[in-house]
Amino acid sequence: MRHISVVNFGDCLGVSGSRLTIRSRDGELFETSLNRLRSIRVAKNGISISSNLIQACASRGIRLYFVDWQGKAVAAVSGQHQHAVVAIRKAQLQTIDSPKAQEIVRDILVSKISNQRAVLLYFRKYLAQKDPASAEILTKASDQIRSQVELLKARKIIESRAWRVIFEGHEGQCAALYWNALKDSHLLPDTFQNREGRGSVEITNAALNYGYSILQSYIWSVLDNAGFELYAGLLHADRPGKPALVLDVMEEYRAWVVDRNIIKLRQRLGDKAELDKELKSKIIEAIDGTVATAFPYRQKKVRLENIMQRQAYRLAASMIDRKKAYRGIKFRW
């Protein structure tokens with residue numbers, strides 16, 4: 001257990017020696033070693049935390065995240081253990097308006113779209129015998145998405161400030177193909193008609209948004225570890241309170257880490273009218289499990305959370321040394 005979420009009203013978090021303690025309102029006690037943890041998410045109002053625990057977490061580099069009812073992180077507490085922040089942030093800010101930004105964004109979007117295609121092919125494999133018609137819908141969409149991937153890969157540096165709009169056009173076309181294929185193949189509950197952002201009351205969109213918020217805490221952590229300025233993005237527009245770089249880097253992980261797990265929960269989603277405590281716990285468990293899983297990475301099997309961290313360092317290296325290319329992570333279906 002490297003990441004823990006506390007979702008029960010009235011729980012008390014403290015520390016005993018080098019162990020995290022969680023005591024429920026009923027007096028039940030859960031303990032685990034702080035040395036095993038990387039983050040703690042407080043996902044409910046009415047949970048108390050001792051100052052001793054905050055200090056213990058800060059000294060060990062364990063981040064505390066406070067999330068709202070939608071799963072959105074509203075506060076993060078971390079220790080002062082960053083390194084090389086000035087050099088990386090200078091390079092990051094210089095990159096934003098340079099041709100290098102286009103190269104990085106292009107590869108992030110290529111990875112995102114490729115991973116959307118991987119999700120379609122992943123589920124097509126299971127539908128091939130059970131529902132050939134739905135499998136064919138996924139095959140057709142994946143072929144169309146592959147064509148868009150090739151077009152995006154072939155894009156040269158665009159001598160216009162509108163390059164972000166052009167890249168987002170490719171992304172938008174693929175998103176439409178992707179979500180329509182998932183809907184038409186009945187991989188999502190019938191209540192799902194189109195992709196809706198924060199505030200959606202439709203159960204599938206609410207689950208997706210909650211899952212993205214959990215993913216955001218992971219990306220926030222690895223970028224913060226690497227020393228980035230989290231609010232200065234390359235693709236997403238700057239806005240007060242918006243961690244634009246976190247949203248940029250999240251793109252390549254969304255489909256495989258969140259969408260795939262939400263699709264697997266489609267039966268539970270179909271039985272629910274709203275995102276309740278049980279369903280939230282299942283989403284957290286599924287995403288944490290994926291992040292703890294080892295995937296192929298540079299001829300090795302590496303836990304995804306470690307891949308995320310290495311990718312953050314590679315992103316920093318590509319900004320500091322413009323000759324180094326950033327290559328996003330692509331999952332194998």
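Glu-229 is partly exposed, with a relative accessible area of 25%, where partly exposed denotes the range between buried (under 20% relative accessible area) and exposed (over 50%), computed with a 1.4 Å probe on protein chains only. The model is predicted, so that local features need pLDDT of at least 70 and side-chain atom pairs count only at pLDDT 80 or more, whereas totals for chains, interfaces and linings use all residues. Residues are numbered from 1 along each chain as its sequence is written, and side-chain values use heavy atoms, with hydrogens and water left out.

The side chain of Glu-229 meets that of Arg-89 in a salt bridge at 3.8 Å, N to O, the term being defined as a side-chain nitrogen of Lys or Arg within 4 Å of a carboxyl oxygen of Asp or Glu. Because Arg-89 lies in helix α2 (residues 85-95) and Glu-229 in the loop between α6 (203-226) and α7 (244-264), the pair ties together parts that are 140 residues apart in sequence; helices are DSSP runs of H or I with at least four residues, numbered from the N terminus. Arg-89 is likewise partly exposed, at 26%.

By the salt-bridge rule, the count comes to 16.

Conventions: Helices (H or I, at least four residues) and strands (E, at least two) are DSSP runs, numbered from the N terminus.
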